[in-house]
Amino acid sequence: MSRRYAALERLRESIRRGEAIVGGGAGVGLSAKTQEAGGVDLIILYNSGRYRMAGRGSLAGLMPYGDANAIMLEMANETLTVVKRTPVLAGICGTDPFRDMSRLLKQVKDLGFTGVQNFPTVGLIDGVFRQNLEETGMDYGKEVEMIRLAHEMDLLTTPYVFNIDEAERMTKAGADVIVAHMGLTTSGTIGAQTALTLDDCVKRVQDIADAAERINPNVIVLCHGGPIATPEDARYVIGTVKGVHGFFGASSLERLPEQQPKTVANNSDEINSRVVWSATVNGQTNGVGITMALLSDRQREELHKSMLEYLHANNFIGAYNALKEDSGVDYTPDPKTKYAGLLEKKWTSVIRLQKKIMDLETRNASLQEELSLAPSKRAAMQADWVPRAPAAHVLTGHRQSIARVAFHPQYSLLASASEDATVKIWDWETGEFERTLKGHQKGVNDVEFDHKGHLLVTCSSDLFIKIWDSQNEWKNIKTLTGHDHAVSSARFLPGDQFIVSASWDHSIRIFDVASAHLVRTIIGHTDWVRYAVPSDDGRLLASASKDQTARLWDPLTGEQKMELRGHDHQVEVVVFAPIASYSAIRELAGVPNADRVKRPAAYVATGSRDKTIKLWDTQSGQMLKNLAGHDNWVRALVFHPSGKLLLSASDDKTIRIWELSTGRCMKTVEAHTHFVATIAWGRQKVSVSTGKSNGLEAAESKSAEPEKLVNVVASAGVDQMVKIWLP
């Protein structure tokens with residue numbers, strides 16, 4: 001069950017019980033912690049919360065005082081670790097022109113956020129300035145697009161809307177919760193003084209709720225802001241407006257008076273709902289700081305006595321007598337008691353702690369900057385990066401040719417398979433050697449990690465396929481048998497429960513990982529099968545053979561779906577094109593881009609000993625384009641993460657980079673001193689499919705979310721060197 005689904009179920013269960021939903025904005029971890037203890041349903045982190053905790057108004061979040069998205073990510077570190085049960089939402093500035101929204105949303109989801117909200121928002125801006133923002137591309141439509149992307153990524157979406165049109169646009173974009181925003185919250189020492197009346201809010205919230213529910217009857221509607229600043233205000237709006245399910249408070253929960261949990265009665269049906277105002281460090285209750293409410297009786301008595309001692313020692317007799325009378329504490333000043341000087345000691349301790357906190361924050365910022373310069377982070381900033389000489393690292397240690405390299409999906413590890421019968425594990429960021437895996441008796445032809453990085457599969461000319469446990473000292477935990485000749489490739493199917501292998505015995509075989517049993521043998525090629533790979537959704541297998549064909553298969557039945565014939569020599573490699581490349585491939589082939597289908601496995605690329613690369617339509621079997629340029633066998637192919645480029649490795653010792661939209665070789669990298677046998681693009685993290693866990697049943701399930709790639713490329717070959725290419 002996804003976090004979004006679980007959160008929505010909790011909210012709808014509250015609605016079914018007749019309880020008002022309450023969301024709260026948190027500027028520090030303590031706010032979030034106390035709000036969770038008070039029973040709020042949602043906690044939202046955004047930059048204005050940090051400014052409120054600094055004594056500034058919420059509109060500071062719309063001013064150029066800091067990077068709103070960076071502040072939100074920084075707040076996550078201190079808040080997500082203290083909130084145990086309550087869904088936490090990220091306030092995202094959707095108009096930020098310096099952020100790739102898809103990447104930012106993925107980062108937010110990976111950090112543990114349940115959902116998002118559009119803040120800072122241009123919805124709080126009106127007049128000529130707002131019109132200019134709309135005209136120059138920093139418009140509310142960017143926030144709508146951010147919500148749409150978040151919805152597609154299965155994040156809970158709770159956007160602020162300010163009028164009927166925005167409510168309709170956000171609901172159509174997939175908003176789960178519509179928050180009707182009535183403007184900056186009034187009341188409090190830093191609240192606004194200009195706002196709508198409560199009765200004005202009732203009509204506006206009703207119009208927004210009606211507009212959203214016309215599009216999605218199941219949408220949840222909350223009210224927020226303006227004069228809705230107390231439990232009584234919220235009770236009035238919720239009780240008066242039809243179709244409003246609760247209240248979202250930011251300023252009202254963080255900096256306005258603490259209120260005890262109280263009941264909000266619906267005026268029409270007397271259904272009880274709860275509105276909880278959470279205590280925070282700077283709230284006020286009837287003029288008395290709520291810090292007092294956080295002290296025990298003993299602590300309160302010690303505080304009063306130390307204050308009396310301080311006032312008496314400094315000859316503030318009037319203040320001393322007033323405090324003694326108001327507090328009712330019976331205390332006789334005595335410089336020998338523990339209370340003498342206690343207040344000053346506590347005060348200087350706080351100052352020292354504040355200084356330590358500032359030093360730690362400075363150090364943290366420095367470390368964050370240093371981390372951002374690490375290869376795996378720096379890479380993410382360069383969407384169109386391609387390898388260029390010289391290589392960042394040259395890894396040596398194998399004694400014979402290297403057949404394949406594979407990146408770990410989470411850590412900076414790389415595995416290399418060699419004809420010297422070993423597999424070596426390296427740290428690609430540092431270039432350091434980690435360990436050697438021995439177990440095969442002949443050359444190792446292929447290596448791949450599963451989608452979590454827990455298991456590693458290898459295959460060899462010794463006829464065996466081996467599985468290694470990366471979490472248990474890389475032990476060889478299973479050996480799969482069944483092939484009658486050298487095994488040329490082995491790959492995990494989506495779901496990681498099955499392995500597909502190809503062999504010189506002309507067959508493709510599928511093995512069950514758990515039992516190590518052979519579950520299917522696919523026959524059709526008339527000569528050695530050099531390569532077999534599954535599509536991202538597991539619905540198809542593609543194979544390349546010495547018989548000069550590539551073929552497509554149904555892994556469930558073993559049925560051949562298509563034969564791709566057109567090469568004049570052995571086909572060394574076949575790879576499925578990612579969805580991101582479809583537009584460029586259609587442009588290259590002159591195919592109208594009217595087909596908006598985004599199904600995986602629509603196109604494949606093949607490389608052959610005839611020195612060419614060919615692109616194919618998997619539905620029709622038609623060859624779309626022939627890419628010629630290499631001077632020797634084409635041995636490996638990999639698509640660029642952007643979908644705009646294709647990289648190829650060849651026995652002509654080069655890596656070539658092809659622009660897919662034109663078919664032009666835009667760059668040639670003199671990569672190795674001998675034949676280049678393999679090339680791979682870095683995998684950083686892979687999302688597990690939300691469909692059925694059985695890899696062979698992937699055809700009946702939704703495809704897995706695409707893996708996140710980072711800008712690192714590895715290549716290797718006959719010169720016995722692995723080269724790491726970094727920005």
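With a relative accessibility of 17%, Asp 505 counts as buried (under 20% relative accessible area; exposed is over 50% and partly exposed in between, with a 1.4 Å probe and protein chains only). The model is a predicted one, in which local features need pLDDT of at least 70 and side-chain atom pairs count only at pLDDT 80 or more, while totals for chains, interfaces and linings use all residues. Numbering runs from 1 along each chain as its sequence is written, and side-chain values use heavy atoms, with hydrogens and water left out.

Asp 505 sits in the loop between β24 (498-503) and β25 (507-512) (strands, E, have at least two residues and helices, H or I, at least four; both are DSSP runs numbered from the N terminus). Its side chain makes a polar contact with the side chain of His 483, at 3.0 Å (a pair of N or O atoms within 3.5 Å; within protein, one must be able to donate a hydrogen and the other to accept it, and residues adjacent in sequence count only if both atoms are side-chain atoms). A polar atom of the Asp 505 side chain also lies 3.0 Å from the backbone nitrogen of Asp 484.

Turning to the nonpolar cores (sets of buried Ala, Val, Leu, Ile, Met, Phe, Trp, Tyr and Cys residues joined through side-chain atoms within 4.5 Å), the largest has 61 residues, and Ile 92, Leu 105, Val 108, Phe 113 and Val 116 have the most contacts inside it. Helix α9 (residues 198-215) gives the most to this core, namely seven residues. Another core, of 35 residues, lies apart from it and includes Tyr 531, Val 574, Tyr 582 and Leu 588.

As for charged pairs, the structure holds 38 salt bridges (a side-chain nitrogen of Lys or Arg within 4 Å of a carboxyl oxygen of Asp or Glu). One of them joins Arg 4 and Asp 176, with the closest N and O atoms 2.8 Å apart. Arg 4 belongs to helix α1 (residues 3-16) and Asp 176 to the loop between α8 (164-172) and β7 (177-181), so this pair ties together parts 172 residues apart in sequence. Both Arg 4 and Asp 176 are buried.

Asp 446 pairs with Arg 491 in another salt bridge, the closest N and O atoms being 3.0 Å apart. Here strand β19 (residues 444-449) holds Asp 446 and strand β23 (residues 487-492) holds Arg 491, so the tied parts are 45 residues apart in sequence. Asp 446 is buried, at 0% relative accessible area, and Arg 491 counts as buried at 12%.
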